[in-house]
Amino acid sequence: MKTRSVYRAVRTPGGLSLRLDLRALIVVVLLLAAACAAGVALIGTGDAKIPAADVLRTLAGNGTTYQDFIVNELRLPRVLVGLLVGASLGLGGALFQAVSRNPLGSPDVLGLSQGSTAGALVVIVLMSGSATQVTLGALAGGLVTGLSIYLLAWRQGVHGYRFVLVGIGVSAVMTAVNGYLLTKADLVDAARAVVWMTGSLNGRDWDQVWPLLALCAVLVPLVLAGAGGLRMMEMGDDVANALGVRVQRTRLVLMVSAVLLTAAATAAAGPVSFVALTAPQLARRLTRSPGPNLLPSLCMGATLLVAADWVSQRAFGADQLPVGVVTGVLGGGYLLWLLVTERRAGRI
Amino acid sequence: MSAVPESDSKRSTVNRLSAENVTLAYDQRVIAEQLSVEIPDNSFTVIVGPNACGKSTLLRALSRMLKPSGGRVLLDGQVIQSMPARKVARTLGLLPQSSLAPDGITVAALVGRGRYPHQGLLRQWSAEDERVVQESMRQTGVAELADRYVDELSGGQRQRVWIAMALAQQTPLLLLDEPTTYLDIQHQIDVLDLCAELHETQGRTLVAVLHDLNHAARYATHLVALRGGEVIAEGAPNDIVTAELVEQVFGLRCQVIDDPETGTPLVVPASRKARAERITAAS
């Protein structure tokens, strides 16, 4: 398990220096390659199967009209939404876990997904709203939940179990609200709500891609810029403060970004469970490097989600099994394993 | 120093770090009011006092971890809160009481984190960083542990590693909050020797909170005795540590004798019997 990460410093005569963690770099490159491969495979999967070579040719703009329609209009947006949702969840999860210093401090456990669900259900059940309104409702639900956790758990910073316990409480309340809303729904709305609640990429088109892409384009650089401070905060607030990190401000910016990323991802694909929990942990085990591992977690999230979608389509046929079911089964197993090992290590 | 009129010398000197009439409070609980303390440059200042006298709180205020609700802490003539965080971090280091070593971090990597305030986007790991980290590990005697994991080390070794990290920050001022807590006696002395060495050979100004009055008297060049958020006495241990002072600050009857090893004051608590007699006599 414990193999050292290898740092390499690159220096120029002008006094510039970069520090690279070779192992993390390799992990990031491999994960990106895996995500792209899974994406290509996913585009080729479905009622009309398209070989990978043709998919690549079509993406480059050299396919037949028929292929072009299927690949670029129908399936590419779905894969892109998958990649972006996975990346947002992976990054959001890594941020939450790093700030709470607890692998359980991830959005799934904290009730953010349930909050988004409540927002979406309000729109579906009480307002019979359009798809766009559902998305906005989910976004609002996630943000409100994030804010309430912040208000309830924040006392001179967020600390470990306090944060997790408050989150679990909020999660339980939201689950109850969701149950109530479902009982109020008529059959059609209820069916729509349940599909949304499982987390699915079915029927995602370019309208979902652009807002998510824009949000990621703003937040990912912002968050990565704060990674240095977050790394110092691993050693406790006092040490980070002493090293010149503005701890409260850094934490606020990062938490708001994490809530936005998670809420937007959930709004786009429904509450795809456990990606935010598992991606950072798996990434960390691959890089074997201390620190928040933000970029590897982001890549891991994207890979996991698209791979899970490919598995569900491949095993159960096109659009039969929502991706959230696959991530739920895999991630739930992982959560159990995590609880057992944490318990054994005496941390629970 | 000599140019300053005698009567003003205590307040108007140009010491780099001082607290002026600060009120220190956590939420509504006031720990100290109108407290003024000056840290003499190039001193090894030790703050002592009974539990809950505000010594750690004072150190937190001096290191800008706690914002005074009144008064101000000055660093190089500026209010410390108004200075850029990184600039402060290049001037003043702090070894807090509680720090967490991240899982799976090596000694060299942890010490390297002390370079954070000197780094930037385009200056991530300079040759200077590398040199300072090696130097800091050598000074604290952890160079041979460089590739070991911090969580595998003993308490004494770990404390040295944290001190090395604070040294790598290369600050002229270094604050230590109870650096000897949880260590057994030889490691306590070990850490204090290291502090004395850093103070003597590098001219760094050290400020430490210590529990043990005898350690404080032996190692400090300047002692600050606090009780109930007030400075009861300050000065060189030889000048201020007397049986009266110890009784006044700690409420403990004792004898103060010369430390046979160093000639510094050594506090020997009065026997239980002697203290009991005194209580009877008083009543």
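This is a predicted model: local features need pLDDT of at least 70, side-chain atom pairs count only at pLDDT 80 or more; totals for chains, interfaces and linings use all residues.

Biologist: How many of the 14 residues of helix 6 of chain B are buried?

Modeller: Buried here takes 20 or more other C-beta atoms within 10 Å of a residue's own. The residues that pass include B:Arg158, B:Trp162 and B:Leu167. Helix 6 of chain B comes out mostly covered, and the count of buried residues is eleven.

Biologist: Which residue just after helix 6 of chain B takes a positive phi?

Modeller: Look just past the end of helix 6 of chain B. The phi there is about 50°, and the residue is B:Gln170.

Biologist: On to the sheets. In what order do the four strands of the open antiparallel sheet in chain B run?

Modeller: Start from the edges, where a strand pairs on one side only: these are strand 2 (29-39) and strand 5 (78-79) of chain B. Strand 1 (residues 17-26) of chain B is joined to strand 2 of chain B by seven bridges, and B:Ser18 stands opposite B:Glu38 there. The order in chain B is 2-1-4-5.

Biologist: At what angle does helix 2 of chain B run to strand 1 of chain B?

Modeller: Helix 2 (residues 55-62) of chain B lies across strand 1, strand 2 and strand 4 (70-75) of chain B. Its angle to strand 1 of chain B is about 120°.

Biologist: Which residue is the bridge partner of B:Val46 in strand 9 of chain B?

Modeller: That takes us to the six-strand open sheet of chain B, with mixed pairing and the order 6-7-8-3-9-10. Strand 3 (residues 44-48) and strand 9 (residues 222-227) of chain B pair in the parallel sense over four bridges. The partner of B:Val46 is B:Leu223.

Biologist: Which strands of that sheet does helix 10 of chain B touch?

Modeller: Helix 10 (residues 243-250) of chain B packs on the sheet, and its direction makes about 155° with that of strand 10 of chain B. The strands it touches are strand 9 and strand 10 of chain B.

Biologist: Which element gives the most to the side of chain B that touches chain A?

Modeller: The contact takes 28 residues from chain B and 24 residues from chain A. Two elements give two or more residues to the chain B side, helix 3 (85-89) and strand 6 of chain B. With four residues, the top contributor is helix 3 of chain B.

Biologist: And chain A: what percentage of residues 134-153 is helix?

Modeller: The unreviewed UniProt entry lists "transmembrane region" at several stretches of chain A, among them residues 20-43 and 134-153. Residues 20-43 of chain A are 92% helix and 8% strand. For residues 134-153 of chain A, the end C-alpha atoms lie 28 Å apart and the helix content is 100%.

Conventions: Residues are numbered from 1 along each chain as its sequence is written. Chains are lettered from A and ligands numbered from 1 in the order in which they are written. A residue is buried if 20 or more other C-beta atoms lie within 10 Å of its own, exposed if 12 or fewer, and partly exposed in between; C-beta atoms are placed from the backbone. Two strands pair if DSSP finds at least two bridges between them. Two residues are in contact if their C-beta atoms, placed from the backbone, lie within 7 Å. Axes are lines fitted to C-alpha atoms, for helices over the stretch in contact, and angles run from 0 to 180 degrees between N-to-C directions. UniProt positions are given in the numbering used here, feature names are shortened, and annotations may be inferred rather than shown by experiment.
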